[in-house]
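Q: I have a new structure to look at and would like to go through it with you. Can we take it one topic at a time?

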Amino acid sequence: GGRRERGGEEHARGRIAHPREMSVNPALDEHTDDPVALEHERLLIRREGVTFDGTVDGTHYRLRGFAVLSNLRVVFVSQEPAAISALDLPLANTRHESFNQPIFGCSNISATTSPLRGGNIRSDVAWKLEFREGGVGTWLPWFFTVLKVMRRHVEAVAQGGGAPARAPAPPNADMMKQAYVDPHDPTKLYLPVEDDPPQHSHRD
């Protein structure tokens with residue numbers, strides 16, 4: 001398929017994608033290039049200065065850009081021209097994750113993500129995100145914590161006899177405000193949205 005326009009109306013306002021769907025060139029906000037949030041999704045952190053190295057349906061890509069972590073997925077957004085402008089890596093389908101600190105080269109996270117029905121990727125994606133600028137003390141704990149929460153959610157759904165799967169609850173605003181930030185890690189936290197509805201005591 002051809003390149004999908006960033007911030008496409010079909011995806012921003014039309015059909016809500018399955019939160020665990022995996023796709024090449026997911027919809028991006030036309031102003032910020034952030035992923036357009038899916039149903040039940042909250043964008044958590046954004047990391048600039050990242051290189052994606054991986055194979056997608058038999059084609060190897062090495063692209064510079066930035067990565068966004070939400071409660072549902074990692075989205076890599078390329079900042080150089082390529083057939084892939086962005087790539088969904090849903091946490092529910094991610095395994096074999098590893099944090100690597102090579103003697104030569106950049107610290108990186110490697111993993112394998114399997115496709116799901118409904119996406120436009122046909123085979124497993126073995127990928128690596130290299131952090132080329134600064135430390136990883138903010139990104140790493142967020143990534144591994146959110147991945148653990150997703151796995152508990154998947155297990156609970158499986159034990160529930162295949163009940164319809166809603167996304168795991170995203171971190172609430174208070175948790176976001178209290179999150180540890182490594183001053184040597186250029187990862188930026190998205191400003192938390194106050195949780196709705198607000199809890200007010202009843203007044204006569």
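Q: Is F143 buried or exposed?
A: F143 counts as buried, because its relative accessibility is 1%. Buried means under 20% relative accessible area, exposed means over 50%, and partly exposed is in between (1.4 Å probe, protein chains only).

Q: What about F144?
A: F144 is partly exposed, at a relative accessible area of 31%.

Q: Where do these numbers come from?
A: The model is predicted; local features need pLDDT of at least 70, side-chain atom pairs count only at pLDDT 80 or more, and totals for chains, interfaces and linings use all residues. Residues are numbered from 1 along each chain as its sequence is written, and side-chain values use heavy atoms, with hydrogens and water left out.

Q: How many aromatic pairs are there?
A: Searching the whole structure gives three. Rings of Phe, Tyr and Trp (its six-membered ring) pair if their centres lie within 6.5 Å; planes under 30 degrees apart count as stacked, over 60 as edge-to-face and the rest as tilted.

Q: How do the rings of F143 and F144 sit?
A: Their planes are at 75°, so this pair is edge-to-face, with the centres 5.1 Å apart.

Q: And F131 with W139?
A: That pair is tilted, because the planes are at 50°; the ring centres are 5.9 Å apart. F131 and W139 are both buried.

Q: Which residues touch the most other members of the largest nonpolar core?
A: F52, V56, L69, W127, L129, W139 and F143 do, in a core of 32 residues. Such a core is a set of buried Ala, Val, Leu, Ile, Met, Phe, Trp, Tyr and Cys residues joined through side-chain atoms within 4.5 Å.

Q: Which element gives the largest share of this core?
A: α2 does, with seven residues. Helices (H or I, at least four residues) and strands (E, at least two) are DSSP runs, numbered from the N terminus.

Q: Where is the other core?
A: It lies apart from the largest one and has eight residues, including L43, F66, V77 and A86.

Q: What sits over the ring of F66?
A: The charged end of R46 does, 3.6 Å from the ring centre. To qualify, NZ of Lys or CZ of Arg must be within 6 Å of the ring centre and within 35 degrees of the ring normal.

Q: Switching to strands, why is β4 largely enclosed by the rest of the structure?
A: Because five of the five residues of β4 are buried. A86, D88 and P90 point one way from the strand, while L87 and L89 point the other way.

Q: In what sense do β3 and β4 pair?
A: Antiparallel, over five bridges; two strands pair if DSSP finds at least two bridges between them. F76 stands opposite L87 in β4.

Q: What is the phi of N25?
A: About 55°, which is positive although N25 is not a glycine. N25 lies in the loop between α1 and β1 and is buried, with a relative accessible area of 5%.

Q: Last topic: what pLDDT does the protein average?
A: The average is 79, and 73% of the residues score at least 70. pLDDT is the predictor's confidence in each residue, from 0 to 100.
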